[in-house]
Amino acid sequence: MTESCENADLAIVGGGAAGMFAAVAAAERGLRAVLIERKARLGSKVLMTANGRCNFTKDIGPDDFLRDLKLPGNPHSTATFVERAVRECPPRRIIAGFKSLNIPLRRMADARMFPANGQASTIVHAFGDILRDSSFPVITNCPVTAVSRLDDGGFAVETRNFALYAKNVLVATGGVSYPKTGSVGDGQKFARALGHRVIPFRSGLIGLETPERRITSRAGARFEDSRARVISPDGRTLYEHRGEVDCEAFGLSGAAVYNCQRFIAHSNPGNFEIEVWLGRERLRFHNLKARPVKEAIVTLGGVDTKEIDPATMESKIVPGLYFAGEVMDIDGPTGGYNLTLAFATARKAVAAVAERKPATEKKHGKTDHRHRKL
């Protein structure tokens, strides 16, 4: 394609956490934008988070948040890459934003934040209400089949039934875990076709398999005030996390186990042992296998952040192409970190698009300032 008739300043591809937040940010800034989602409704995966309760962030400052992203002895660059985005949209700004929408919130003892009614749908509906009230165009049940660069510098966003032309595109399609929610790797495919490197997918924040009867026979048992740790062959503790440990028919799960698995996946420690506490009982297991990526809370891997500008979330290879959330090779521990990363990177990308658009070209009209904090 060589010609275009621009329909939008920004096409947002993907209606999950990052895409919904981006759409709200675009609406606030008066951008001519559109949100396109492959499933019949927005936020399908958000509705599943924290067993349907939606742990959307953690009530801590940006320094603590960024520190928690880091892994001991590992140079993984998530914290460095997202630092600007997180400082501009820190957890407490997100909390204040939801409070400004009169959503009752609940803070847990460990600072995790939930809607007070324990329903993830409350968060998804809040996004939907803002988009409805601002008459923001949302196209659902509409898989994007390709994103193509045009000779004039814009993009064709192609679907099975039509093509939409936009000056900028924000890819917010998520990873590849829980594909029934729409996370099927579309965004990584688009990025690769446009010249980007994609880091291979791996499971993140997932349970570990063991046939050990001392675990499988207790399937359903939950130990909330517990811990797990990763131990080297010479007995050194490589990583430890305090939190819930659950027994499953396949082996071990729970926050403490998930965060140990994240360390293992990033650090690749070779031979290792996992030690868990089940009440007063301490058990040790050798080289446990992670469950499949389709079951993972997050996808490790994705678009290489070395090819994305952290100041704008814009591609260094294709001007006008932006990324937000799990489509990129970024991740954090369990406990609200990954939704916060989706929100912060989405806001960063939309702000960059808005800053480049002349003020005279922005839509004029009323803006509901109750929503500005999001």
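Is phenylalanine 127 buried or exposed, and what is its relative accessibility? At 1% relative accessibility, phenylalanine 127 counts as buried, where buried means under 20% relative accessible area, exposed over 50% and partly exposed in between, with a 1.4 Å probe and protein chains only. The model is a predicted one, in which local features need pLDDT of at least 70, side-chain atom pairs count only at pLDDT 80 or more, and totals for chains, interfaces and linings use all residues. Residues are numbered from 1 along each chain as its sequence is written, and side-chain values use heavy atoms, with hydrogens and water left out.

Rings of Phe, Tyr and Trp (its six-membered ring) are taken to pair if their centres lie within 6.5 Å, planes under 30 degrees apart counting as stacked, over 60 as edge-to-face and the rest as tilted; by this rule there are eight aromatic pairs. The rings of phenylalanine 21 and phenylalanine 343 are stacked, because their centres are 4.8 Å apart and their planes stand at 25 degrees. Since phenylalanine 21 belongs to helix 1 (residues 17–28) and phenylalanine 343 to helix 10 (residues 337–356), this pair ties together parts that are 322 residues apart in sequence; helices here are DSSP runs (H or I, at least four residues) and strands likewise (E, at least two), numbered from the N terminus. Phenylalanine 343 is itself buried, at 2% relative accessibility. With phenylalanine 127 it forms a tilted pair, the centres being 6.0 Å apart and the planes at 55 degrees, and this pair links helix 6 (residues 120–133) to helix 10 across 216 residues. Phe21, Phe56, Phe98, Phe127 and Phe343 form one aromatic cluster.
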